[in-house]
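Hello,

Here is the structure I said I would pass on. My notes on it follow below.

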Amino acid sequence: MHSVRMKDESHKLLLARSILIAALGLFSSFIIHPTSFLHADSIFVGTLERKNAIIKELRGESLFYDYSGRTSEVPAARVTRLIVDNEPPLNIAEESFATEKWDAAVDGYQKTIRTTSKPWIKDWAAMRLIAAANKSGRFDAAAFAYILALLKNPTTASNMKPVMPESKSTFLDSAVADVNTTLGDPRLTAVQRRALLGFLIELQQVRNDLAGEDAAYEQLIKLPGADMNDPNAKRVLARRRLTAAAKALDSKNYQQAITEIDSNKALFIEPKQQADALYLLAQAREGAAGTDSTSLKDAALAYMRVVALAKTQPDAPHVVDSLLKTAALLEQLGQKPTAIQLYDQIISQYPDDPAVNKARSKLATLKQN
């Protein structure tokens, strides 16, 4: 009897276990796979939407994402819009960007950068912000985003520079302040500092702030790995030598001014700097000539070298002044017909120059005599 009861209970246990296993199998068919809880994004390339993607990163100029169990990439330039799970500010900004509502896009991307915790989204928003800000004329926002891009990858950032405003724009002032604030971070690498200083130099050039430009170059050439043959480094050194020569000229230390120019010829690689150097040199030779006719002729030739070099440059730097100086020296040397020709040249070729009245006066005096 006891044996029969044991068999009956064993049978009941086996039956219960079978029912439980069957129930578990049935229930498992309704269980959502864990990967289904992961966020799903959408990527629009043109009007084509790639749904249920998982965007991973922005690397270089491509967006990388997982789709159907494999990693794919798409050039960022081809992406017209993104929809990213749990990123409302980005999604609003992307919709505004896609519909060319540039001001709204700028505000949306700025909010995205402030609120997102995902590095790739911050990188993407910075890139889009530059483009949207360029369209809306918001250089302040574009410069801010460009600074972020430079810190992330200077090479990639070089392909998305913001459009510079007019030289009097206050946005330039705020951009300079932002760069200087960023440069104050002691954790920056030499590569990041070099990229930021390059941007600062461009800003100062647009502002026509030579002192600020030189100060940025001073920092640049002090960085580890600085190349003294780099044109940027030569520019600041050249300006320094030109300033020294000008000071020597003002002090009537003509030989020192000549030495400054002659010994640093290799630094003057830009046409405007070359014209400045030759003009300083001509002035120094004239000052050192005294009344010696041979030296005065050399000074006249030095001024004509300025004319030959700079007459085709924008604004023809020092050309009219050099022609006037040459004519005056020729008068002093008794070569009045040639001097008259030079005054005629000034009047005919540079009628709008402020110095043309002086040429007319000189010409009238010579013809009268």
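Ala 316 counts as buried, because its relative accessibility is 15% and the cut-off for buried is under 20%. Please keep in mind that this is a predicted model. Ala 316 sits in the loop between helix 13 and helix 14. Its phi is positive, about 40°, although the residue is not a glycine. As background, most residues other than glycine have a negative phi.

Lys 252 is another case of a positive phi in a residue other than glycine, with a value near 60°. This residue also belongs to a loop, the one between helix 10 (231–250) and helix 11 (254–262). Lys 252 counts as exposed, at 61% relative accessibility, whereas Ala 316 counts as buried.

**Overall content**

The protein chain has 16 helices and five strands. Of its 369 residues, 39% are buried. Among the contacts in the chain with a separation of 6 or more, 48% are between residues 24 or more positions apart.

**Helix 13**

Helix 13 covers residues 293–310, which is 18 residues. From its first C-alpha to its last it reaches 26 Å, close to the 26 Å expected at 1.5 Å a residue.

Which residues of helix 13 are buried? They are Leu 296, Ala 299, Ala 300, Ala 302, Tyr 303, Val 306, Val 307 and Ala 310. These residues lie on the same side of helix 13, because they cover an arc of only 150° around the axis. Their packing partners are helix 12 (271–289) and helix 14 (319–332). On the face turned away from the buried side, helix 13 carries the exposed residues Leu 301 and Ala 308.

The five strands form an open sheet with antiparallel pairing, in the order 4-3-2-1-5. Strand 4 (70–75) and strand 5 (79–83) are the edge strands, and each of them pairs on one side only. On average, neighbouring strands of this sheet are turned by 45° against each other, direction ignored. In general, strands of a sheet pair through backbone hydrogen bonds, either parallel or antiparallel.

Two of the pairings can be described in some detail. Strand 1 (residues 41–45) and strand 2 (residues 48–59) are antiparallel and share four bridges. Within this part of the sheet, Val 45 has Leu 48 in strand 2 as its bridge partner.

Strand 3 (residues 62–67) is joined to strand 4 by six bridges, and these two strands also run antiparallel. Ser 62 stands opposite Pro 75 of strand 4. The hairpin of strand 3 and strand 4 has two residues between the strands, and in it Ser 68 takes a positive phi near 55°.

**Thr 116 and Glu 87**

Thr 116 lies in the loop between helix 3 (102–115) and helix 4 (119–136), while Glu 87 is found in the loop between strand 5 and helix 2 (88–98). The side chains of Thr 116 and Glu 87 make a polar contact at 3.4 Å.

Are these residues buried or exposed? Thr 116 is buried, with a relative accessible area of 9%. Glu 87 also counts as buried, at 8% relative accessibility. Both values fall under the 20% cut-off.

Leaving out residues up to four places away in sequence, Thr 116 touches Glu 87, Ile 121 and Lys 122. On that basis Glu 87 touches Thr 116, Lys 118 and Ile 121.

Ala 133 lies in helix 4 and is buried, with a relative accessible area of 1%. Neighbours within four places in sequence left aside, Ala 133 is in contact with Val 106, Arg 138, Ala 141 and Ala 142.

Regards

Notes
Residues are numbered from 1 along each chain as its sequence is written. This is a predicted model: local features need pLDDT of at least 70, side-chain atom pairs count only at pLDDT 80 or more; totals for chains, interfaces and linings use all residues. Side-chain values use heavy atoms; hydrogens and water are left out. Two strands pair if DSSP finds at least two bridges between them. Axes are lines fitted to C-alpha atoms, for helices over the stretch in contact, and angles run from 0 to 180 degrees between N-to-C directions. The expected span of a helix is 1.5 Å times one less than its number of residues. Buried means under 20% relative accessible area, exposed over 50%, partly exposed in between (1.4 Å probe, protein chains only). The arc is that of the directions from the helix axis to the C-beta atoms. Contact means heavy atoms within 4.5 Å. A polar contact is a pair of N or O atoms within 3.5 Å; within protein, one must be able to donate a hydrogen and the other to accept it, and residues adjacent in sequence count only if both atoms are side-chain atoms.
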